[in-house]
Amino acid sequence: MSAVARLARVRELALAGFIALLVIVIAAQNGDFLSGSNLRSILLDITLIAALASAQLMVMLTRNFDLSIGSTVGLSAVTVGMICQQHGALPTPLAYLVAVAVGLVVGLVNGFAIARLRIPSIIFTLGMLSVVRGAVYLVADGGQVNSEDVPAGMTDLATGGPFGIPPLVLIALAVALAAFAFLRWTRSGRNVYAVGSNPDAARLHGLPVSRTVVLVFALSGAVAGLAGALYLSRFGFAQITAGSGLELTVIAAVVVGGASIFGGSGSIAGTLLGCLLLGVIGNGFAVLGVSQYWQDAAYGALILLAVIADARLRAVRRPARSAAAPKEATA
Amino acid sequence: MKRREAPRTPERREEEKDHVPEIEGRDGAAVPVLEARAVSKVFGGTVALDHVDLSLRAGEIHALLGENGAGKSTLTRILCGVHRPDTGELRVDGAVVDFHTPAAAQEHDIAILHQEPSLFGDLEVAENVFVGRQPKHGRPPRIDRRAMRAEAAALLAELGAELDPAARVADLSLAEAQLVEMAGALSRRARVLIVDEPTAALTPGEVGDLFRVLRGLRDRGVAILFIGHRLEEIFALADRITVLRDGRFVDSRAAADHDEASLIRAMVGRDVAALHVRTRVEPGEPLLQVRGLARAGVFEAVDLDLRSGEIVGLAGLVGAGRTEVARAVFGIDRRDAGTVELAGERLRTPQQAMRAGLAFVPEDRQREGVAVELPIAANVALPILGRVAFHGWLRPGRERALAREWGERLRLKARDVEQAPRELSGGNQQKVVLAKWLATRPRVLILDEPTRGVDVGAKVEIHRLIDELAAAGMAILLISSDLPEVLALSDRVLVMREGRVTAALHHAEATPERVMQAATAEAQAVAA
């Protein structure tokens with residue numbers, strides 16, 4: 001294993017160690033932190049983030065960003081909720097399927113626009129963030145999804161489960177595992193890394209650059225759609241603002257998890273640890289009665305720390321090829 | 001023109017006399033593996049390739065030679081599917097093919113080793129070798145990392161390289177990265193390997209290793225196209241040599257039929273007399289004085305004197321350090337040692353340089369020369385806003401008058417001075433850049449590739465202008481890869497090679513051969 005690979009691995013270990021330390025410190029202050037119900041609440045809190053971050057990682061590996069996911073979560077949650085409100089409760093699997101389909105449409109629009117029209121993803125998805133949020137208002141038509149509209153089958157997913165782990169959490173875990181297998185064991189998954197590491201070389205090697213970009217945005221959209229259903233299951237209602245701001249937390253989790261914002265490097269393991277760290281901080285600060293503002297400040301400090309670490313790691317490499325600096329965020 | 005003999009045996013010289021150029025190659029009957037026939041390519045209005053032929057045979061190392069801009073890179077890109085020819089055809093094993101993408105060329109077993117390795121720094125060595133073609137196993141099929149690493153290690157061993165297949169490519173040296181690319185070519189069972197100036201950044205030891213590998217591949221029947229500049233390397237390696245000049249095919253013959261002098265002649269032999277000839281004036285007072293200028297790893301020990309009314313040409317190949325010297329003289333780039341004085345005044349920053357009367361017209365006008373979206377008038381007024389403005393307020397009328405005055409002197413073809421340079425031709429854009437710097441009324445002008453990419457008409461006008469400026473007493477440093485241009489305009493020519501001045505020639509003694517020799521061959525560094 002090379003020095004940098006070792007460093008990267010150490011970085012994930014360092015993250016895990018930091019989380020463990022944080023848990024010990026918080027538990028020493030307040031024993032309730034380690035209670036079963038509180039741990040379950042942490043898991044539930046990071047469920048949405050973990051699923052979304054697994055997909056966002058793939059997007060970011062290709063040197064792109066998907067800022068539209070928060071709005072897509074809202075669109076999918078409100079769409080499913082309004083269908084149930086007007087036509088009666090959908091069977092849970094069908095509700096989830098509809099949610100995924102809604103997200104997939106948004107993801108495909110993003111993917112084709114960014115790959116074919118060569119629009120920088122950060123700008124295009126910023127536009128889509130507003131457009132999709134507008135669609136949420138249209139779908140909601142002045143109303144909102146109330147708790148009685150959400151099928152009981154959906155909200156049941158947030159409780160019970162084997163070893164007290166709610167099915168919701170298992171769904172998010174399955175998404176993360178699928179992303180892990182895809183990125184590690186398939187050629188398309190390896191192409192995701194290659195395209196982000198050096199887009200010009202990817203083209204010269206005849207890799208399907210555009211198709212890869214479309215694929216990661218489609219996956220990101222589909223997972224955001226799924227996350228909309230998870231949202232309904234978790235909270236049992238959805239306002240038109242559902243999911244807003246999620247994209248920033250998700251990108252923070254991916255970056256804290258060690259993925260490079262310049263593409264080409266990052267892992268699912270690191271991303272999940274990033275989610276866990278944000279979850280532990282959020283919950284721990286609440287348990288300790290620390291102000292919400294300190295939590296935001298801590299998130300911000302973590303992001304800065306992660307980005308500085310990434311920049312330093314890149315600087316260690318020889319200039320010959322690390323000069324593959326970010327040219328454009330497009331494919 | 002006297003032929004200069006390279007260190008060759010008397011027998012070989014004997015052969016040369018009555019040797020018929022052997023276009024058919026060593027085994028005349030064999031069908032070329034890869035062939036380009038009458039290939040042409042035009043970019044914008046510039047003809048990059050004009051009916052060029054090239055044929056590569058199995059088991060030969062074929063060198064492709066030419067000056068900067070002769071069309072080597074364009075031809076290379078066509079052969080590996082990056083560009084498509086406008087006319088002409090490519091043949092593989094005698095059958096016509098159409099490479100619309102790099103992938104299509106790869107399917108025909110053509111691999112390219114880029115000048116700058118085109119690899120994935122974040123991925124490990126084995127994955128770079130097999131990217132897009134990783135071996136799979138199991139059910140459902142998934143990438144077999146262990147097999148991939150074992151195969152990569154075997155390929156690297158074939159190349160005589162000891163590299164950890166699990167190492168990240170970003171951690172490798174340039175030479176190691178080239179071996180990884182070559183292993184990729186091997187793994188595709190490439191029958192044609194195109195090597196684009198691979199030695200530019202290698203140490204002599206690494207070059208030796210690379211050549212050993214290339215000869216090994218040739219002996220196994222791979223056709224190798226080697227693009228290079230250094231003549232000693234070409235003679236050490238090549239079986240056959242094809243020379244391009246100005247986008248045209250010059251000749252193709254066995255390396256044994258060439259010596260250094262005949263190659264240089266083939267590369268530069270243009271009608272130099274057809275170009276604008278200068279009205280020479282007696283140089284006046286010394287203006288610019290550069291002493292011992294150096295920047296670590298880029299150039300060293302550069303001395304330079306420019307007198308009023310004098311044009312000094314700075315010749316050399318791309319990457320020899322000419323532009324870098326100019327930037328350091330102007331003060332844009334850091335200097336590690338040395339001094340720059342203009343009429344006795346020490347210059348350190350671009351601001352000081354401009355105040356003292358130094359102007360620098362950069363090479364890349366699109367990026368550094370003009371603001372393509374701003375009106376011509378604003379561009380011209382940019383370096384002298386202080387003189388155009390009244391207590392900090394711009395006076396558009398004066399801007400326009402200034403731009404009009406210079407536009408007329410330079411015969412700028414534009415609708416009016418409100419037009420944006422984006423809409424102008426390359427030659428007219430260059431005139432806007434010139435107008436902008438001439439409006440500062442400099443005493444010393446540095447021109448970096450002033451006629452690159454401009455049409456012939458504009459080129460003649462720019463030459464005339466340079467001549468007029470010198471006649472009026474301006475001192476001019478002319479950096480150009482266009483050798484006839486340098487020779488026709490300069491009073492003295494400095495030649496750079498790998499960051500050093502390797503020759504300082506008076507215009508009477510500056511022949512294309514001598515300049516090319518100093519630019520390419522190992523030569524003694526001389527004082528300017």
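**Helix packing and a buried aspartate**

In this predicted model, helix α2(A) meets helix α12(A) through Asn38(A), Ser41(A), Ile42(A), Asp45(A), Ile46(A), Ile49(A), Ala50(A), Ala53(A), Ser54(A) and Leu57(A) on the α2(A) side, and through Ile268(A), Thr271(A), Leu272(A), Cys275(A), Leu276(A), Gly279(A), Val280(A), Asn283(A) and Val287(A) on the α12(A) side. By class, this contact has 12 nonpolar, six polar and one charged residues.

**α2 and α12 of chain A**

- Helix α2 covers residues 36-61 of chain A and helix α12 covers residues 268-287 of chain A; they pack at an angle of about 145°, and their axes are 8 Å apart.
- The crossing of α2(A) past α12(A) is right-handed.

**α9 and α19 of chain B**

- Helix α9 (residues 260-268) and helix α19 (residues 512-520), both of chain B, have axes 10 Å apart and pack at an angle of about 110°.
- Angles of 65 to 115 degrees count as roughly perpendicular, so α9(B) and α19(B) are roughly perpendicular to each other.
- From α9(B), the contact takes in Glu260(B), Ile264(B), Arg265(B), Met267(B) and Val268(B); from α19(B), Pro512(B), Glu513(B), Met516(B) and Gln517(B).
- The contact of α9(B) with α19(B) consists of five nonpolar, one polar and three charged residues.

**Asp491 of chain B**

- Asp491(B) sits in the loop between α18 (483-489) and β21 (492-497) of chain B.
- The relative accessible area of Asp491(B) is 8%, so Asp491(B) is buried.
- Leaving aside residues up to four places away in sequence, Asp491(B) touches Arg278(B), Arg280(B), Gly309(B), Glu310(B), Ile311(B), Leu505(B), His506(B) and His507(B).

Methods. Residues are numbered from 1 along each chain as its sequence is written. Chains are lettered from A and ligands numbered from 1 in the order in which they are written. This is a predicted model: local features need pLDDT of at least 70, side-chain atom pairs count only at pLDDT 80 or more; totals for chains, interfaces and linings use all residues. Side-chain values use heavy atoms; hydrogens and water are left out. Axes are lines fitted to C-alpha atoms, for helices over the stretch in contact, and angles run from 0 to 180 degrees between N-to-C directions. Helices (H or I, at least four residues) and strands (E, at least two) are DSSP runs, numbered from the N terminus. Angles under 35 degrees count as roughly parallel, over 145 as roughly antiparallel, 65 to 115 as roughly perpendicular and the rest as oblique. Contact means heavy atoms within 4.5 Å. Ala, Val, Leu, Ile, Met, Phe, Trp, Tyr, Cys and Pro count as nonpolar, Asp, Glu, Lys and Arg as charged, and the others, Gly among them, as polar. A crossing is left-handed if the near helix is turned anticlockwise from the far one by less than a right angle, and right-handed if clockwise. Buried means under 20% relative accessible area, exposed over 50%, partly exposed in between (1.4 Å probe, protein chains only).
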